[in-house]
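Please read the sequence and the model below side by side.

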Amino acid sequence: MSQDTWLQNYDATCRLAQEIAENIHERNKQQRTGGNPAKINMTLRASLQKLKQNIPQLKESLLRASSSRRIMQSEADRRQNLIDDLLTREKQLNATFKGDIPEPAPSRSTLMAGGSGANEGVSANPWLINEPDETIGLSFGEIKQQQQRIIEVQDEGLDALAAVISRQKLMGQEIGNELDEQNEIIDDLTHLVDKTDGRIHNETRRVQLLEAKSASCVRKVCSAKHAAKLKL
């Protein structure tokens, strides 16, 4: 499911929830005026069942998009919050439909939006949703473009961060290569020092042997001279 498809399905689910809320309001108004709400109740049950099915589908498709990294984590978190709000609203709509909780009281903005109609006996719908200022006057396509621009800006930031990380990785590799070369030089020097120490040790032993032989020869010459003198 693409990003645009998810947003379209979310938008359709929101419209369904709004339609259910308006039908509940209309059903309650019929009950208060002595009308027969049987038909609208049947429509509400089918719509509530569809809403219950749509929300898990949105959650599942979001999980797939997030796990495959088709959307950024911040966008995934934002969409999860939207789903959580839908779940809360679905529970409220079910409870209101069953009569477990009363219909919410009209908000100030709803009463103001009712205008003169509220004064003429037309009850205000408390379920009406106030559209955010950022999207007022925008079509669905324009809202998608706005969200796409936000994602593109975030992608540019990620690209810049990736470039910095790539440069740091390259610097780390160069430093590592230099250290390897220096370690090889140190190894060569260590090997050369070990060979030199071995040669010095060998030469020292040869000198000691020569000194010992020289001393032995001197003693023999001296002994021979002494023996010759005694014969004379």
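This is a predicted model: local features need pLDDT of at least 70, side-chain atom pairs count only at pLDDT 80 or more; totals for chains, interfaces and linings use all residues.

Residues are numbered from 1 along each chain as its sequence is written, and side-chain values use heavy atoms, with hydrogens and water left out.

The mean pLDDT (the predictor's confidence in each residue, from 0 to 100) of the protein chain is 78, and 79% of the residues score at least 70. Helices here are DSSP runs of H or I with at least four residues, numbered from the N terminus. Over residues 107-125 the pLDDT stays under 50, and the model has 16 contacts beyond four places in sequence for this stretch; a contact means heavy atoms within 4.5 Å.

Helix 1 (residues 3-32) holds tryptophan 6 and tyrosine 10, which are four residues apart and thus separated by about one helical turn. A search of the whole structure finds one aromatic pair. Its rings belong to tryptophan 6 and tyrosine 10, with centres 5.6 Å apart and planes at 5°, so the pair is stacked. Rings of Phe, Tyr and Trp (its six-membered ring) pair if their centres lie within 6.5 Å, and planes under 30 degrees apart count as stacked, over 60 as edge-to-face and the rest as tilted. Tryptophan 6 and tyrosine 10 are both buried, where buried means under 20% relative accessible area, exposed over 50% and partly exposed in between (1.4 Å probe, protein chains only).

Helix 2 has 30 residues and spans 45 Å from its first C-alpha to its last, close to the expected 44 Å; the expected span is 1.5 Å times one less than the number of residues. Its buried residues include Ile40, Leu44, Leu48, Leu51, Ile55, Leu58 and Leu62, and also the polar Asn41 and Asn54.

Just after helix 2, arginine 69 takes a positive phi of about 60°, although arginine 69 is not a glycine. Most residues other than glycine have a negative phi. Arginine 69 lies in the loop between helix 2 and helix 3 (73-98) and is exposed, with a relative accessible area of 74%.

In helix 3 is glutamate 75, which counts as buried at 9% relative accessibility. The side chains of glutamate 75 and arginine 79 are joined by a polar contact of 2.7 Å. A polar contact is a pair of N or O atoms within 3.5 Å; within protein, one must be able to donate a hydrogen and the other to accept it, and residues adjacent in sequence count only if both atoms are side-chain atoms.

Notes
Helices (H or I, at least four residues) and strands (E, at least two) are DSSP runs, numbered from the N terminus.
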